[in-house]
Amino acid sequence: MLVAAVALTATVASAQNLDAGKSAEKLFADGCTTCHRSPRGLAKGRFSLTLSWFLQDHYASGSDTAKALAAYLESVDVPPPRAAAKPGAKPSRSAPRPPKPAQAQ
């Protein structure tokens, strides 16, 4: 009887990581969208290591999950590439203009 109780307790006591195998995007969708509409801007100005530690302490179920989520947040924080100038588009107002020719008096 004691052996059965120990075996049953050992089986129940083993924890299961419910986040294992999920992509970082899925982790964000499952756990962060309640408060954050978008992942953009959440990693802005933060070091990868400190962001990972913060996520592990407060939101993630483990260090691997926190690292994956931190990497995802950093990847979506990259500013979009600047669009190439379209043919026939007006030049930017900030571009210097050539001087006007001097007029004879």
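What we have is a predicted model, in which local features need pLDDT of at least 70 and side-chain atom pairs count only at pLDDT 80 or more, while totals for chains, interfaces and linings use all residues. Residues are numbered from 1 along each chain as its sequence is written, and side-chain values use heavy atoms, with hydrogens and water left out.

Let me begin with Phe 28, which, leaving aside its neighbours within four places in sequence, is in contact with Thr 33, His 36, Ser 38, Pro 39, Leu 42, Leu 69, Tyr 72 and Leu 73. Phe 28 also belongs to the largest nonpolar core, a set of 14 residues in which Phe 28, Leu 51, Leu 55, Leu 69, Tyr 72 and Leu 73 touch the most other members. By a nonpolar core I mean buried Ala, Val, Leu, Ile, Met, Phe, Trp, Tyr and Cys residues joined through side-chain atoms within 4.5 Å, and buried means under 20% relative accessible area, with a 1.4 Å probe and protein chains only. The elements that give two or more residues to this core are H2, H3 and H4, and H4 gives the most, with six; helices here are DSSP runs of H or I, at least four residues long, numbered from the N terminus.

Next, the packing of these helices. H2 and H4 pack at an angle of about 95°, their axes 8 Å apart, where an axis is a line fitted to C-alpha atoms over the stretch in contact, and angles run from 0 to 180 degrees between N-to-C directions. H2 is therefore roughly perpendicular to H4, a label that covers 65 to 115 degrees; under 35 counts as roughly parallel, over 145 as roughly antiparallel, and the rest as oblique. On the H2 side the contact is made by Ala 24, Glu 25, Leu 27 and Phe 28, and on the H4 side by Thr 65, Ala 68, Leu 69, Tyr 72 and Leu 73.

The axes of H3, residues 48-58, and H4, residues 63-76, come within 8 Å and cross at roughly 130°, so these two helices are oblique to each other. Among the residues making that contact are Leu 51 and Leu 55 of H3, and Leu 69 and Leu 73 of H4.

Finally, Cys 32 lies in the loop between H2 and H3. Is Cys 32 buried or exposed? At 15% relative accessibility, Cys 32 counts as buried, and, not counting residues up to four places away in sequence, Cys 32 touches Leu 27 and Leu 69.

Methods:
Contact means heavy atoms within 4.5 Å. Buried means under 20% relative accessible area, exposed over 50%, partly exposed in between (1.4 Å probe, protein chains only).
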